[in-house]
Amino acid sequence: MIEFIKGTFVIAGALLMLLASLGILRLPDLLTRMHATTKAAALGVILIMLAVAMHFAEVGVAARAFAIIVFILMTAPVAAHIIGRAGYFVGSKLWSGTVKDELRPNYDPLTHELKSGHETKANARREPKESDPS
Amino acid sequence: MDIVILISQVIMSLALILCFVRVVRGPSLPDRVVALELFASIVVGLVGVYAIKSDVSSFIDAAIVIALMGFLAAIGFARFLERGGPRDD
């Protein structure tokens with residue numbers, strides 16, 4: 001029984017990684033490629049590490065496998081966010097079928113300044129407060 | 001179990017090849033960074049599968065180190081891109 005579950009997890013993880021590679025090869029621009037790779041590859045690694053924990057069935061190995069799972073779950077979104085941000089700042093092209101880019105009208109790439117669209121002169125001025133350190 | 005391991009290794013090697021095509025072709029540097037991060041993830045999976053195949057649990061430590069290096073490489077490349085290093089792509 002446990003052999004069957006292990007084999008299923010290993011094959012499913014490998015297929016998810018193949019899916020991520022297909023996504024990175026076929027999708028048209030940086031953000032869609034990141035959307036394919038981050039989630040599918042993270043789930044693939046998680047499934048394979050679960051299979052490893054089941055195979056050895058020792059406390060030390062299972063703890064290390066779960067450490068990898070937690071590490072992947074914490075770092076995959078952070079890395080994707082930072083690469084996407086850097087890619088937008090260096091001006092990577094979006095796909096021609098992109099429907100909406102909400103950052104474009106509010107962000108000035110030269111001064112690196114972001115506006116909310118709701119600034120007034122009164123809002124923009126900074127009022128000193130009593131709680132400020134002197 | 002051995003045949004399952006063999007099939008999964010073949011599938012992951014195919015994934016590595018497809019990913020490498022994107023590393024070579026990638027039109028800009030961020031695309032290549034994303035592909036290299038996927039590379040690290042697939043190698044972590046391959047090391048885990050090899051640990052199952054060879055019955056040696058110490059390979060899991062190598063997988064931890066590879067995952068860590070992949071994350072740090074992605075962060076470093078992103079900082080390099082944002083600070084505006086030399087680009088030719």
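Predicted model: local features only at pLDDT ≥ 70, side-chain atom pairs only at ≥ 80, totals over all residues.
How far is chain A spread out compared with a compact globule? The radius of gyration is 22 Å, whereas the globule rule gives 14 Å for 134 residues; the computed value is well over that figure, so chain A is more spread out than a compact globule. Of the 134 residues in chain A, 31% are buried. The contacts within the chain can also be sorted by distance along the sequence. When residues at least 6 apart in sequence are considered, 56% of their contacts in chain A join residues at least 24 apart.

We can now turn to the place where the chains meet. Chain A brings 43 residues to the contact, and chain B brings 41 residues. On the chain A side, at least two residues come from each of α1 (2-26), α2 (30-56) and α3 (59-89). What kinds of residue make up this side of chain A? The side that touches chain B holds 31 nonpolar residues, nine polar ones and three charged ones.

The next feature is the largest nonpolar core, which contains 57 residues. The largest share, 15 residues, belongs to α2(A). Among the residues with the most contacts inside the core are M17(A), I48(A) and M49(A) from chain A, along with L38(B) and I42(B) from chain B. I48(A) makes a handy example to find in the structure. Leaving aside residues up to four places away in sequence, I48(A) touches F9(A), V10(A) and G13(A) in chain A, and G45(B), G48(B) and V49(B) in chain B.

An unreviewed UniProt entry lists residues 6-24, 33-52 and 58-81 of chain B under "transmembrane region". In the model, residues 33-52 of chain B are 100% helix and 0% strand, with end C-alpha atoms 29 Å apart. Residues 58-81 of chain B are 96% helix and 0% strand, and here the end C-alpha atoms lie 36 Å apart.

Terms used. Residues numbered from 1 in each chain as written. Chains lettered and ligands numbered in written order. Contact = placed C-beta atoms within 7 Å. Helix = DSSP H or I, 4+ residues; strand = E, 2+ residues; numbered from the N terminus. Nonpolar A, V, L, I, M, F, W, Y, C, P; charged D, E, K, R; others polar. UniProt positions renumbered as here; feature names shortened; annotations may be inferred. Core = buried A, V, L, I, M, F, W, Y, C linked by C-beta atoms within 7 Å. Buried ≥ 20, exposed ≤ 12 C-beta atoms within 10 Å, placed from the backbone. Rg over C-alpha atoms; globule rule 2.2 N^0.38 Å.
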